[in-house]
Amino acid sequence: MSDKFRQKRIEIYCKEVTKGKKCPGQSAKDSHCGWYAIRKQLDILDLCEVPSQAKRRENFKQLVKDNFTSGDWFDAFKESDPRNNQVFHGTSFPWLPGKETTKAFKNLKLYAESDFGAMLVQKILLDNKKPMRGKRFFIGQDNNGSASGSMDRILFPKDFPSREKFFTRDVIYPMAIIHHEMGHTKFFSHVNKKLKGEMDVCHERLVVINNENPVKMFYGHEPRYTYYRPDSCKTVNVITGESLPGLYTFDLKDPRKMVKLDASVMPEGFRTECKVAS
Ligand SMILES: [Zn+2]
């Protein structure tokens, strides 16, 4: 992506993201840029609460133990285990032996070693002991789709991330996507209380603002400006909240503006699902 207007785009994002259309659960006075705001959104303001490096490694081992059992998966869980009816169908299932060599697993490990990822892994481990809403949190594999998240689980293809950019041309940063998917789970209040897992573009925008973009900016990357959903065939502008039918990217000089894209940039499967973005 051209760097010429990069700084200007980031400035516009930081100044404008709270001024556009609001999603439920979004506060008008939330600040989104700067060291303090980013660390606040990532829940790592108080460094005393962030687990030590040694603790992070230990916690990740425990997470792996809790989530990925080697051997026969179907024997590992009782029929009454909610994980059974959650994921043992179609293309979604727990990660199989050999998972350590997959790209997805390596990215998850990096995530668990980060300040914000370590905080969340800590929350997951605590929840595993006495799950909120009665269901145990689960990390699994989905070979068909892209990364996804819902109340009680996140799923990744083995080769996650399989692309470097979204169809909208926003750059994919794996750690930010993992944190995005976490944003759809019970561990985040904006999902829990306000939206109850509602999966429209407004909800996605909120997750991009609160989860994905703080991670991107924490590492010095540009925030994501557009979000496209193939099922509803809509692109939402993250800054303004404007949503349009079809596939759009952002204007390089002003990311508040949307620029229509030819849907032929998408693979066949995505195009047939979406009649509007022809
Ligand atoms: Zn999402």
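Mentor: Begin with pairing: two strands pair if DSSP finds at least two bridges between them. Keep in mind that this is a predicted model.

Trainee: In which sense do E2 and E4 pair, parallel or antiparallel?

Mentor: They pair in the parallel sense, over four bridges. In this pairing, Gly140 stands opposite Leu155 in E4.

Trainee: Which residues does strand E3 cover, and how does E3 pair with E4?

Mentor: Strand E3 takes in residues 148-150, and its pairing with E4 is antiparallel, over three bridges. Ser150 is the residue opposite Arg153 in E4. A hairpin of two residues links E3 to E4.

Trainee: Which way do the residues of E4 point?

Mentor: Arg153 and Leu155 point one way, while Ile154 and Phe156 point the other way; all of these are buried.

Trainee: What is the general idea behind a nonpolar core?

Mentor: In soluble globular proteins, nonpolar side chains tend to be buried together. Here the largest nonpolar core has 32 residues, and those touching the most other members are Leu108, Ala112, Val121, Phe156, Met175, Ile178 and Val215. Among the elements that give two or more residues to this core are strands E2 (138-142) and E4 (153-156), along with helix H6 (103-113) and helix H7 (115-129).

Trainee: Which residues does Ala112 touch, leaving out residues up to four places away in sequence?

Mentor: With those left out, Ala112 touches Arg56, Asn59, Phe60, Leu63, Gly117, Ala118 and Val121.

Trainee: How many residues are in the second core?

Mentor: The second core is separate and has 20 residues, including Tyr13, Val208, Tyr225 and Ile239.

Conventions
Residues numbered from 1 in each chain as written. Predicted model: local features only at pLDDT ≥ 70, side-chain atom pairs only at ≥ 80, totals over all residues. Core = buried A, V, L, I, M, F, W, Y, C linked by C-beta atoms within 7 Å. Buried ≥ 20, exposed ≤ 12 C-beta atoms within 10 Å, placed from the backbone. Contact = placed C-beta atoms within 7 Å.
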